[in-house]
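This briefing covers one protein chain. Please load the sequence and the coordinates before reading on.

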Amino acid sequence: MITVLVVEDEEITAEANRIYVERVPGFRVAGVARSGGDALRFLRHTPVDLILLDLYLPDMHGLEVCRAVRAGGLLCDVIAITSARDLAMVRSAVSLGVSQYLLKPFAFAALRDKLTRYAAFRGEAGEIVGQGDVDRVLGTLRGTGGELPKGMTQDTLDTVAAELRNRPEGVSAQAVGTAAGVSRVTARRYLEYLVERGVAVRFPQYGGVGRPELLYRIPTER
């Protein structure tokens with residue numbers, strides 16, 4: 001079993017994250033910490049494989065927790081969870097050994113995908129023969145292994161996802177297509193892909209004449 005420490009100051013969110021983790025086969029929550037100090041005290045006597053770490057904690061920033069973990073010689077991995085969309089923050093997290101980065105709000109499927117990739121990464125065994133092996137193993141963890149359906153690109157998917165984040169009230173496939181520079185049909189394909197993965201939801205907007213317009217948004221579930 002892969003043991004996990006959930007670090008989250010909001011009680012409801014901490015409990016939701018605990019439940020989410022334990023719904024993924026092969027994972028067990030070893031503990032829940034509500035602050036950075038609690039997390040570090042827990043780790044002194046209970047080693048874990050993975051920390052699910054909220055970056056905004058009441059007593060210290062999550063990146064300070066990462067620094068303390070590394071300074072203490074602990075070998076656990078970290079998935080950072082935050083609502084911050086500052087690229088400098090992402091760079092800092094990567095430099096401190098954060099293996100994955102999950103943006104709030106997220107649905108269970110998004111976290112499940114991160115954990116599944118992490119489990120596959122840990123399960124890799126054997127000897128590295130060449131650069132292709134390195135790229136393949138890292139691709140398993142980062143999600144860059146060409147797993148998108150045929151005809152879809154990561155750049156366009158990122159643009160579609162960004163448009164959803166910028167329009168929390170909901171957005172149509174036509175509007176997403178205009179923003180991404182693709183047709184409405186193509187935009188809808190990307191949006192439906194995100195719906196299938198639990199990253200987006202679709203809902204009808206009533207009020208006009210005729211059939212209601214179908215909109216997409218990021219789910220409010222955390």
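At what angle to S8 does helix H9 run, and across which strands does the helix lie? Helix H9 (residues 184-196) lies across S7 and S8 and runs at about 55° to S8. Axes are lines fitted to C-alpha atoms, for helices over the stretch in contact (heavy atoms within 4.5 Å), and angles run from 0 to 180 degrees between N-to-C directions. The model is predicted: local features need pLDDT of at least 70, side-chain atom pairs count only at pLDDT 80 or more, and totals for chains, interfaces and linings use all residues. Residues are numbered from 1 along each chain as its sequence is written, and side-chain values use heavy atoms, with hydrogens and water left out.

**Overall**
- The chain has nine helices and eight strands, taken as DSSP runs (helices H or I, at least four residues; strands E, at least two) and numbered from the N terminus.
- Of the 222 residues in the chain, 43% are buried, meaning under 20% relative accessible area (1.4 Å probe, protein chains only).
- The accessible surface (Shrake-Rupley method, 1.4 Å probe) comes to about 11800 Å², and 53% of that surface belongs to carbon and sulfur atoms.
- Taking contacts between residues at least 6 apart in sequence, 59% join residues at least 24 apart.

**Sheet S6-S8-S7**
- Three strands in the order S6-S8-S7 form an open sheet with antiparallel pairing; two strands pair if DSSP finds at least two bridges between them.
- Strand S6 (171-172) and strand S7 (201-205) are the edges, each pairing on one side only.
- S6 and strand S8 (residues 213-217) run antiparallel and are joined by two bridges; Val171 has Tyr216 in S8 as its bridge partner.

**Nonpolar cores**
- The largest nonpolar core has 24 residues; such a core is a set of buried Ala, Val, Leu, Ile, Met, Phe, Trp, Tyr and Cys residues joined through side-chain atoms within 4.5 Å.
- Leu5, Val7, Val48, Ile51, Leu53, Leu55 and Val69 touch the most other members of this core.
- Elements that each supply at least two residues of this core include strand S1 (2-7), helix H2 (36-45) and strand S3 (50-54).
- Another core, of 19 residues, lies apart from the largest one, and among its residues are Tyr20, Leu50, Leu102 and Ala110.
- Beyond its neighbours within four places in sequence, Leu5 is in contact with residues including Gly31, Phe42, Val48 and Ile51.

**Cysteines**
- The whole structure holds zero disulfides, a disulfide being a pair of cysteine sulfur atoms within 2.5 Å.
- Cys66 is in no disulfide, and the nearest cysteine sulfur, that of Cys76, is 8.8 Å away.
- Cys66 counts as buried because its relative accessibility is 3%.
- Cys76 is also buried, with a relative accessible area of 4%.

Note on methods:
Buried means under 20% relative accessible area, exposed over 50%, partly exposed in between (1.4 Å probe, protein chains only).
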